[in-house]
Amino acid sequence: MTSLAPAPSTTDAVRVTGIGKRFPGVIANHDISFTIPAGTIHAIVGENGAGKSTLMKILYGVQKPDEGSIEVQGEKVSFSTPSDAIARGIGMVFQHFQLADNLTVLENVVLGAEKLHGIGGDARAKIEEISSQYGFGLDPDELVETLGVGERQRVEILKVLYRGARIVILDEPTAVLVPQEVDALFDNLRELKAEGHTLIFISHKLDEVLKIADDITVIRRGTTVDTVKPADVTSRKLAELMVGSELPSPSTEESTVTDRVELEVRGLEVVDAAGRPVLSDIDLTIHRGEVLGIAGVEGNGQTELVEAIVGMLHPSAGTMRLGDQDISSWHTRKRRENGIGFIPEDRHRHGLLLEAPLWENRILGHQTRPPSVKGGWLNRRGAREDTERIISQYDVRTPGPDTTAGALSGGNQQKFIVGREMSSEPVLLIASHPTRGVDVGAQAQIWDHIREARRNGLAVLLISADLDELIGLSDTIEVILRGRLVGTFDPQTVTPQDLGSAMTGAGEEK
Ligand SMILES: Nc1ncnc2c1ncn2[C@@H]1O[C@H](COP(=O)(O)OP(=O)(O)OP(=O)(O)O)[C@@H](O)[C@H]1O
Ligand SMILES: [Mg+2]
């Protein structure tokens, strides 16, 4: 029987058998096998470096497998490029959005797919049709730069649907979203599923996975270990499947906040190129041994706050003190040399040289201090040894210090940066999303490292989209909205929902 109706069919959307993929010194995938029934939501979970992104890139034609076979809708396929995958109805939404800010929604969607519906009225009609069908609420003429994170993600999904995808891959789509946006995304995904689409998504947030997935495939060290139903597992059980052993329980911590002020910011103001304020009247104080968490929807001034404290941009007003020194006029290097550690939000732009080996990346940002220098010269040996120490202490999964940073999986790049910044024994750590893209086990390890340093007096400014992390690590939480600090919360009593409301200004009209 043939049917054009989008009702769930009995055929499998994707069937993967014996997939293998090697990189120099690394077996990224071996003997990966699983099946995704059409019209279902399929989650892929696994530790950092387990091979999830590699597998998705193979499914989307970005990388070629060394062995194994892929069937799409019952037919054997072999992809050399993403265009081959798109032709088979597969689309992919990458974690790092690939949109042009200075173009409109319509222009972004149509770019590279002009042949489908042109660039005029037909294209617009198609975009409006998709947007309203799935409740995306996107205006084709809006500039992408004015859109929030959740909306940008919907543009990415729209782009993929516009190209006719029936199977949509999303690599860590929820990492950048606040809880309300995650709910909205999940509504969209359910809607897509109801229309017969097949969704494949990767996430490190296991409670979300349990909420949305029909089936969950667990990958451990490059191979599939099981496919389970959410009803049959807990997030703890899932985590244990991922690691292959039992997880330690998280410990609760008492306060280590002292009365010695480490960072004091007064009246900070930053304006953009057009002279509009992006940060106004920011006052904040962080004591030794204190973690100050900043909660906010991305794009509300967090980036500017961090860059102003690190010295990457010049405030139009305000003062900053580190310990008993006024650092307002210091440049970045001097601030770093005086003990400001920095975990940047964009690890590719500010954190790593992807083409360079890890040991050179160890030196990056720490060029003037041991173990990177000795008697005024670069100390390669010292840097290499310290890189090996970071690799082992922070459990960075890699063949060794000579591997390039770009060859590490996303989560392992992140672990390396955290290790490097903690190694310089900072007095103040500016941590932007320190565990973004990091698996639950490694996340707990990073939290332990931060807590230990905090016990020894480290002051931390923590910016995170992960509200559980903010609540679990912070001694105080401030909410930032449209460039202002709009509320102070006690992590002992606040809920993620409370924070979510404050962050979106939902409580404002009260
Ligand atoms: N282009 C590459 N060159 C060399 N090694 C690579 C390359 N891409 C991935 N790898 C290696 O393959 C392994 C799997 O990486 P992959 O990115 O698939 O992991 P992942 O499961 O997506 O992890 P994460 O959760 O951290 O994103 C890792 O050891 C990684 O270092
Ligand atoms: Mg990945």
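Predicted model: local features only at pLDDT ≥ 70, side-chain atom pairs only at ≥ 80, totals over all residues.
View 1. Domain 2 is built from two stretches, 257–339 and 426–510. Domain 3 spans 348–424. Domain 1, the remaining part of the division, covers 12–243.

**View 2. The contact between domain 2 and domain 3.** Domain 2 gives 14 residues to this contact, and domain 3 gives 12 residues. On the domain 2 side, helix 11 (332–337) and helix 16 (440–455) each provide at least two residues. Helix 16 has the largest share of that side, with five residues. Sorted by class, the domain 2 side holds seven nonpolar, three polar and four charged residues.

View 3. Strand 11 (residues 261–271) and strand 12 (residues 277–287) run antiparallel. Seven bridges join them. Val265 of this pairing faces Leu284, which stands opposite in strand 12. Five residues lie between the strands of the hairpin. Gly275 takes a positive phi there, near 85°.

**View 4. Strand 11 with strand 14.** Strand 11 also pairs with strand 14 (residues 317–322). The sense is antiparallel, and the pairing extends over five bridges. Here Arg266 has Thr319 of strand 14 opposite. In a regular strand, side chains alternate between the two faces of the sheet.

**View 5. The shell around ligand 1.** Ligand 1 has 20 residues around it. Phe23, Asn48, Ser53, Ser409 and Gly411 come nearest. Strand 2 (26–37), helix 1 (52–59) and helix 15 (410–423) each supply at least two residues of the shell. By class, the shell comprises six nonpolar, 11 polar and three charged residues. Domain 1 (12–243) and domain 3 (348–424) each contribute at least three residues to the shell.

**View 6. The annotated regions.** An unreviewed UniProt entry carries the annotation "domain: ABC transporter" for residues 14–246 and 263–507. Over residues 14–246, the chain is 36% helix and 27% strand. The end C-alpha atoms of residues 14–246 are 31 Å apart.

Terms used:
Residues numbered from 1 in each chain as written. Chains lettered and ligands numbered in written order. Domains from an automatic or database assignment. Contact = placed C-beta atoms within 7 Å. Helix = DSSP H or I, 4+ residues; strand = E, 2+ residues; numbered from the N terminus. Nonpolar A, V, L, I, M, F, W, Y, C, P; charged D, E, K, R; others polar. Pairing = 2+ DSSP bridges. Near = placed C-beta within 6 Å. UniProt positions renumbered as here; feature names shortened; annotations may be inferred.
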